[in-house]
Amino acid sequence: MELRDVLLTLHIAAAGTWLGANIVQAVAPSMAAKQGPEAAAGWYRVAGRLSGRLYMPVGIVVAATGIWMILISETFDFSSVFVGIGFVVVIIGALLGKFVFEPGSERAAAAIESGDQTAIRSAASRIATFGAIDTLLVLLAITVMVLKLGA
């Protein structure tokens with residue numbers, strides 16, 4: 001197994017983890033809500049912590065392995081369209097995690113605990129909307145990587 005194969009495997013596994021975690025986060029809130037307010041608030045607190053404990057390390061692996069693969073590539077370079085799109089998606093994902101998902105999850109949990117239905121709907125809707133955007137961006141990045149768009 002060559003270095004490129006190892007890097008590509010780690011790159012794909014990290015991107016798959018990101019996408020899979022997004023899918024879980026789209027499905028789990030309604031399941032947690034059916035278990036009661038304590039479970040729902042707990043879910044949002046856990047989801048908020050995923051930003052630093054799962055998404056950030058996965059984003060770093062995606063970026064680091066992508067950079068390393070470009071550095072050892074004889075075919076592709078940093079001017080390739082698919083590489084640029086990949087970097088932009090990682091940056092947007094990091095920003096969404098820090099400024100939308102992490103604080104939004106805390107707001108959702110607090111709203112659930114206080115019983116504020118308007119705040120619950122607002123926080124949950126915001127998280128769901130940006131979660132869908134993030135997921136679509138990850139799917140876009142995967143697609144342009146597979147197609148090697150602009151290479």
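Which element supplies the largest share of the lining of the second largest pocket? That share, seven residues, comes from α4. The model is a predicted one, in which local features need pLDDT of at least 70 and side-chain atom pairs count only at pLDDT 80 or more, while totals for chains, interfaces and linings use all residues. Residues are numbered from 1 along each chain as its sequence is written, and side-chain values use heavy atoms, with hydrogens and water left out.

**Overall build**

- The protein has four helices and zero strands, where helices (H or I, at least four residues) and strands (E, at least two) are DSSP runs numbered from the N terminus.
- Read from the N terminus, the order of elements is α-α-α-α, and the C-alpha atoms fill a box of roughly 60 × 25 × 20 Å along the principal axes.
- Of the 151 residues in the protein, 36% are buried, that is, under 20% relative accessible area with a 1.4 Å probe and protein chains only.

**Packing of α3 and α4**

- The axes of α3 and α4 lie 9 Å apart and form an angle of about 160 degrees; axes are lines fitted to C-alpha atoms, for helices over the stretch in contact, and angles run from 0 to 180 degrees between N-to-C directions.
- The two helices α3 and α4 are therefore roughly antiparallel to each other, a term used for angles over 145 degrees.
- The contact of α3 with α4 has 21 nonpolar, five polar and three charged residues, where Asp, Glu, Lys and Arg count as charged, Ala, Val, Leu, Ile, Met, Phe, Trp, Tyr, Cys and Pro as nonpolar, and the others, Gly among them, as polar.

**The largest pocket**

- A pocket is an open set of points on a 1 Å grid over the protein atoms alone, where a 1.4 Å probe fits, with protein on both sides within 12 Å along at least five of seven lines, and its lining residues have an atom within 4 Å of a point.
- The largest pocket has a volume of about 680 Å³, a volume being the space filled by probe spheres set on the points.
- Its lining holds 29 residues, with Leu 8, His 11, Met 69, Phe 82 and Met 145 nearest the centre.
- This lining divides into 21 nonpolar, six polar and two charged residues.

**The second largest pocket**

- The second largest pocket holds about 380 Å³ of space, and among its 22 lining residues Asn 22, Gln 25, Phe 101, Ile 127 and Gly 131 are the closest to its centre.
- Its lining comprises 13 nonpolar, eight polar and one charged residue.

How values were computed
Parallel < 35°, antiparallel > 145°, perpendicular 65-115°, else oblique. Buried < 20%, exposed > 50% of the residue type's maximum accessible area, 1.4 Å probe, protein only.
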